[in-house]
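Please read this briefing alongside the sequence and the model.

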Amino acid sequence: MAAEFDLNLIRTFVLLYETRSVTAAADVLGVTQPTVSYGLGKLRRRLGDELFVRGPGGLVPSSEAERLYPPLRTAIEQLDVTIGAATQFDASGPVSFSIGLSDLGEVNTLPLVLAELAARAPAATLQVHAFDIDTATDELTRGRVDAIVASPVLDSVRLHRLPLFTEGYAGMVAIDHPRLRGDSATEDELRGERHIVVDGTTGHPAPRQALRTYGLEGRIAVRVTRFATLPYAVQDTDLVAIVPQRVAHALARTHRVRTFALPWAIEPAEIAAYTRRTPGRSPAQAWFLEVIRAALQDLP
């Protein structure tokens with residue numbers, strides 16, 4: 001019994017480190033906040049260290065907590081993987097999931113995930129949240145979203161990252177653009193055009209970087225905040241956009257735009273799924289991650 005209680009204390013410590021919140025840790029553990037606070041107090045007495053202090057954004061780990069977290073997380077993760085392998089999640093009944101996506105992800109990723117989810121769990125419901133790079137890690141670790149699919153790298157020891165596919169780029173113009181009419185464009189042709197780019201932190205900075213690298217930054221005429229704006233802005237103007245390739249082809253089927261090959265090699269973006277690490281990740285979330293992987297990994 002003492003060993004079991006010690007294991008629960010370790011699990012409490014790992015979750016407090018990852019969520020930075022007594023409330024969130026209690027929610028994941030399925031216990032009350034006083035229970036988590038009591039466990040933290042016991043850990044403090046046993047280890048002779050404060051471990052966490054309150055800060056403006058939540059609990060702040062001490063240097064001793066920073067030292068303890070990696071080996072304790074690994075131990076709990078290995079144990080949960082072993083136990084989880086024998087735990088089957090029942091997706092036959094009503095179940096609800098949430099996913100974080102950019103506006104681009106809602107166009108490119110969401111339809112594929114919905115098709116896979118419907119095939120595996122017809123009664124499931126899905127809530128889509130807007131991806132925000134500044135809050136993404138906390139949204140995941142505090143259980144507000146089950147998974148996030150995005151191109152920006154969320155570099156946190158609190159998260160599990162699963163690479164899914166890479167995304168190249170294509171040019172996009174109005175279907176009746178007065179000058180760019182072929183299946184490809186030269187650098188000189190693009191130098192004579194006005195460009196529209198997406199600013200912000202939702203991902204895909206490569207188009208802006210390409211224009212900067214090849215001396216076309218001065219040809220940027222319009223800056224917007226969302227990729228979803230591009231087809232509406234492009235289809236009725238002579239503006240040129242550089243868009244992730246799969247999305248560009250999808251937009252060409254629904255808007256009066258067409259795609260063309262770029263004269264430069266732009267390094268593809270890697271799209272990945274993010275979830276909480278165990279012990280925070282539930283069997284349901286592990287199952288949902290597999291749905292996302294099956295829907296998106298190794299796309300041609």
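In what follows, Ala, Val, Leu, Ile, Met, Phe, Trp, Tyr, Cys and Pro count as nonpolar, Asp, Glu, Lys and Arg count as charged, and the others, Gly among them, count as polar. The model is predicted, and local features need pLDDT of at least 70, side-chain atom pairs count only at pLDDT 80 or more, and totals for chains, interfaces and linings use all residues. Residues are numbered from 1 along each chain as its sequence is written, and side-chain values use heavy atoms, with hydrogens and water left out.

**Overall picture**

- The chain has 12 helices and 12 strands, these being DSSP runs numbered from the N terminus (helices H or I, at least four residues; strands E, at least two).
- Taken along the principal axes, the C-alpha atoms of the chain fill a box of roughly 75 × 45 × 25 Å.
- Of the 300 residues in the chain, 47% are buried, where buried means under 20% relative accessible area with a 1.4 Å probe and protein chains only.

**Cavities**

- A search of the whole structure finds 3 cavities of 30 Å³ or more; on a 1 Å grid over the protein atoms alone, a cavity is a set of points where a 1.4 Å probe fits but cannot get out, a pocket is an open set with protein on both sides within 12 Å along at least five of seven lines, and lining residues have an atom within 4 Å of a point.
- The largest cavity has a volume of about 140 Å³, a volume being the space filled by probe spheres set on the grid points, which are joined across faces, edges and corners.
- The largest cavity is lined by 16 residues, of which Ser 102, Leu 104, Gly 105, His 204 and Ile 271 lie nearest its centre, and by class this lining has 8 nonpolar, 7 polar and 1 charged residues.
- The largest share of the lining of the largest cavity, 3 residues, comes from α5.
- The second largest cavity, with a volume of about 60 Å³, has a lining of 8 nonpolar, 1 polar and 1 charged residues, and His 204 and Phe 227 are among the residues that line it.

**Leu 104**

- Leu 104 sits in helix α5 (residues 103-108) and is buried, with a relative accessible area of 7%.
- Not counting residues up to four places away in sequence, Leu 104 touches Thr 109, His 204, Phe 227, Pro 244 and Val 247, contact meaning heavy atoms within 4.5 Å.

**Second largest pocket**

- The second largest pocket has a volume of about 320 Å³ and is lined by 21 residues, of which Tyr 169, Pro 205, Ala 206, Gln 209 and Glu 267 lie nearest its centre.
- Two or more residues of this pocket's lining come from each of α9 (206-213) and β12 (269-276), and the lining divides into 11 nonpolar, 7 polar and 3 charged residues.

**A sheet that includes β12**

- An open sheet of 5 strands has the order β4-β3-β5-β12-β6, with mixed pairing, two strands being paired if DSSP finds at least two bridges between them.
- Strand β5 (residues 147-150) and β12 pair in the antiparallel sense over 3 bridges, and Ile 148 has Tyr 274 of β12 as its bridge partner.

**Positive phi angles**

- Most residues other than glycine have a negative phi.
- Arg 20 has a positive phi near 60° and lies in the loop between α1 (2-19) and α2 (22-29).
- Leu 51, with a positive phi near 70°, lies in the loop between α3 (33-47) and β1 (52-55) and counts as buried at 0% relative accessibility.

Key: Buried < 20%, exposed > 50% of the residue type's maximum accessible area, 1.4 Å probe, protein only.
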